[in-house]
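Here are my notes on the model, point by point. Please keep the structure open while you read.

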Amino acid sequence: MTRRGSSRPITGWRAIVLLPVTLPLALFASLLSAPSKRTPGEVAGYIRDFIEGTGSEWDWDDFISMPIADPLLEAIRLEARRIPLPVTQLGMMKLEDLFTRAEAIKLEWLGVKKSR
């Protein structure tokens, strides 16, 4: 049986040579995995643009693919993600409900910001 690969760690000059390649890749991967800090207005905007068909080609994919730090907005994103494409009339009604929820969170958030 032929042994493939090595169980030894990469050390010495090989590790130093690979560092300029692996470090940026690791940083990039960590940025992708961090939840985004979208605002309620941004979430409502993504949903509105999708409903109206005015968003750019990858906006919806960006919205449903990136976790959101705020738990209320993340719940909306997860529900939107579960709506099958192409969107049926029932799916469109669900999107309109999600838009209304995002707008309500936006208004609540603005009220909190104004009262400070």
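1. **Aromatic pairs.** The structure holds three aromatic pairs. Rings of Phe, Tyr and Trp (its six-membered ring) pair if their centres lie within 6.5 Å; planes under 30 degrees apart count as stacked, over 60 as edge-to-face and the rest as tilted. Phe50 and Trp60 make a stacked pair, 4.1 Å centre to centre with 25° between the planes. This pair links distant parts of the chain, with Phe50 in helix H2 and Trp60 in helix H3, 10 residues apart. Trp60 and Phe63 form a tilted pair at 5.3 Å centre to centre and 50° between the planes. Both of these residues, Trp60 and Phe63, lie in helix H3, three residues apart, about one turn of the helix. Ring pairs link Tyr46, Phe50, Trp60 and Phe63 into a cluster.

2. **Basis of the notes.** This is a predicted model: local features need pLDDT of at least 70, side-chain atom pairs count only at pLDDT 80 or more, and totals for chains, interfaces and linings use all residues. Residues are numbered from 1 along each chain as its sequence is written, and side-chain values use heavy atoms, with hydrogens and water left out. Helices (H or I, at least four residues) and strands (E, at least two) are DSSP runs, numbered from the N terminus.

3. Buried means under 20% relative accessible area, exposed over 50%, partly exposed in between (1.4 Å probe, protein chains only). Trp60 is buried, with a relative accessible area of 10%. Phe50 is partly exposed at 26%. Trp60 touches Tyr46, Ile47, Phe50, Ala80, Leu85 and Leu95 (heavy atoms within 4.5 Å), not counting residues up to four places away in sequence.

4. **Core.** Which residues touch the most other members of the largest nonpolar core? They are Val43, Ile47, Trp60, Phe63, Ile76 and Leu98, out of 16 residues. Helix H2 (40–52), helix H3 (59–65), H4 and helix H5 (89–115) each supply at least two residues of this core. Such a core is a set of buried Ala, Val, Leu, Ile, Met, Phe, Trp, Tyr and Cys residues joined through side-chain atoms within 4.5 Å.

5. **Arg38.** This residue sits in the loop between helix H1 (13–33) and H2. Arg38 is buried yet has no salt bridge; the nearest side chain of opposite charge, Glu42, is 5.2 Å away. Lys and Arg count as positive and Asp and Glu as negative; His and the chain ends are not counted. A salt bridge needs a side-chain nitrogen of Lys or Arg within 4 Å of a carboxyl oxygen of Asp or Glu. Among the residues that Arg38 touches, not counting those up to four places away in sequence, are Asp62, Phe63 and Leu73.

6. **Salt bridges.** The structure holds five salt bridges. Arg77 forms one with Glu74, the closest N and O atoms being 2.7 Å apart. Arg77 is buried at 3% relative accessibility, and Glu74 is buried at 15%. Glu79 and Arg101 meet in a salt bridge of 2.9 Å, N to O. That pair links distant parts of the chain: Glu79 in helix H4, Arg101 in helix H5, 22 residues apart. Salt bridges that share partners join Glu79, Lys94 and Arg101 into one network.
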